[in-house]
Amino acid sequence: YLVGVGRADCTGPVAQVPLMGYANPKQVGGGLLSRLYSRAFIVAEPQSSKRVVFVSIDIGMVSQKVRLEVLKQLQSKYGELYRQDNVILSGTHTHSGPGGYFQYTLFWITSKGLIQPTLQSIVNGIVKSIDIAHENMKRGRLFINRGTVENSQINRSPFSYLENPESERNRYSSNTDKEMVLLKMVDEGGHELGLISWFAVHPVSMNNSNHLVNSDNVGYASYLFEQEKNKGMLPGEGSFVAAFASSNLGDVSPNTRGPFCANTGESCDNPQSSCPVGGAAMCMAKGPGNDMFESTRIIGQNIYLKAKELYEKASQEVTGPLSSAHQWVNMSDVSVELNATHTVKTCKPALGHSFAAGTIDGVGAFNFTQGSVEGDPFWDQIRDQLLGEPSNETKACHKPKPILFNTGEMTWPHPWHPDIVDVQIAAIGSLAILAVPGEFT
């Protein structure tokens with residue numbers, strides 16, 4: 001293959017900017033702990049114009065707005081070389097990056113609108129990292145390896161996991177995915193270029209009381225690997241690029257000591273994640289360190305050490321053709337065959353009461369609890385008065401989930417929730433990368 005790697009700063013403003021991830025309006029940036037980077041990797045077939053771009057960015061998640069702006073800039077620079085189908089943009093999912101780069105009203109509530117400097121910094125950083133990778137293309141080889149990472153994650157909703165059929169649970173040795181997949185890149189002469197590691201862990205070692213912009217545990221793993229390989233260079237400098245990208249981290253917490261009541265210190269590891277005094281708002285996971293800074297370092301180091309071991313031993317070469325595909329899917333109108341006789345259809349998006357409860361990594365507000373299957377007349381009445389009652393169709397479709405916000409039916413002043421989303425797949429030989437907008441378990 002021809003291989004190119006690049007890295008560029010995408011930090012943007014760090015003071016007085018709402019952070020993206022915990023959806024807590026009080027969590028506003030008050031400084032910088034670590035800079036945020038976009039890390040780009042291009043793999044191309046030497047004899048054809050086929051190529052695949054994978055970019056891992058130190059942000060909460062990629063918005064359609066960011067994606068469309070990036071593709072527009074790439075098209076004006078490179079024509080049809082980098083397109084909707086062969087450019088994958090992936091957020092590391094840090095909950096300590098700036099917000100305000102979405103185009104849907106729901107995300108504007110906590111970020112207090114669209115924040116143009118944040119959006120521009122992210123888009124410019126992504127495009128610059130791709131430019132650098134594009135300019136550095138050279139003949140190279142890819143190697144893949146995989147292994148198990150221990151002591152770095154717990155299932156943040158173990159009671160929900162137990163609702164899965166036993167036959168399904170029996171296929172796995174754990175209630176989280178502990179496997180790390182690592183892609184190593186070297187040039188023809190064996191000179192090291194970079195790596196992409198995929199491992200399921202939420203970058204929420206820094207909790208929602210944090211006000212410093214940072215890339216959390218996976219960003220610290222990138223920092224350690226790049227500092228080791230780019231000897232004598234400052235962070236963010238040097239040719240070696242190490243991305244620790246997100247995977248199926250939806251139910252995975254790095255706070256390995258589990259959930260405790262902030263006021264009494266007792267465990268709140270129960271189906272509702274609720275404390276005897278103060279309810280769910282007092283329940284918060286912690287560990288493995290004594291504070292969130294130490295926890296971030298410990299988890300980041302664990303991930304880095306495993307990646308280093310897999311990187312050094314990677315010997316299985318990735319060869320074969322490149323291919324990519326992209327599709328827009330209207331998620332509010334998908335037919336699903338349950339069995340030979342029954343077909344059902346998806347419907348407009350809506351947020352349930354449990355959404356407001358948050359998780360053990362970042363608690364919600366008021367008296368909402370996880371796993372609730374009944375609404376609360378008080379909140380339902382306020383919703384009906386302020387935002388309008390959900391339609392019977394939406395209620396029936398989401399049942400047994402009680403609807404708190406019927407976001408799919410709310411269009412003022414702009415649509416509240418996306419219903420048409422991107423899905424992508426890119427194949428590099430035997431490695432397939434799925435790009436899907438969601439937190440998968």
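A cavity, on a 1 Å grid over the protein atoms alone, is a set of points where a 1.4 Å probe fits but cannot get out, and its lining residues have an atom within 4 Å of a point. I note that this is a predicted model, in which local features need pLDDT of at least 70, side-chain atom pairs count only at pLDDT 80 or more, and totals for chains, interfaces and linings use all residues. Residues are numbered from 1 along each chain as its sequence is written, and side-chain values use heavy atoms, with hydrogens and water left out.

**Entry 1: cavities**

I searched the whole structure and found two cavities of 30 Å³ or more. A volume here is the space filled by probe spheres set on the points, with grid points joined across faces, edges and corners.

**Entry 2: second largest cavity**

I put the second largest cavity at about 40 Å³. I listed its lining as Gln272, Ser273, Ala280, Cys283, Ala357, Thr359, Ile360, Val363 and Gln370. Sorted by class, I get five nonpolar, four polar and no charged residues (Ala, Val, Leu, Ile, Met, Phe, Trp, Tyr, Cys and Pro count as nonpolar, Asp, Glu, Lys and Arg as charged, and the others, Gly among them, as polar). Domain 1 (2-327 + 419-435) and domain 2 (335-409) both contribute to this lining, so the cavity lies between them. The domain bounds come from an automatic or database domain assignment.

**Entry 3: largest cavity**

The largest cavity has a volume of about 50 Å³. I find it lined by Phe41, Val43, Val52, Val53, Phe54, Leu183, Met185, Ile196, Ile428 and Ile433. That lining is 10 nonpolar, no polar and no charged. Strands E4 (37-44), E5 (51-57) and E10 (179-187) each supply at least two of the lining residues, and E5 gives the largest share, three residues. Strands (E, at least two residues) and helices (H or I, at least four) are DSSP runs, numbered from the N terminus.

**Entry 4: a three-stranded sheet**

I looked up an open sheet with the order E17-E24-E25 and antiparallel pairing (two strands pair if DSSP finds at least two bridges between them). E17 (322-330) and E25 (431-435) are at the edges with a single partner strand each, so one side of each has no neighbour in the sheet. The twist averages 10° from one strand to the next. E17 and E24 (residues 420-428) are joined by nine bridges. Leu322 stands opposite Ile428 in E24, and Ile428 is also among the residues lining the largest cavity.

Conventions:
On a 1 Å grid over the protein atoms alone, a cavity is a set of points where a 1.4 Å probe fits but cannot get out, and a pocket is an open set with protein on both sides within 12 Å along at least five of seven lines; lining residues have an atom within 4 Å of a point. Axes are lines fitted to C-alpha atoms, for helices over the stretch in contact, and angles run from 0 to 180 degrees between N-to-C directions.
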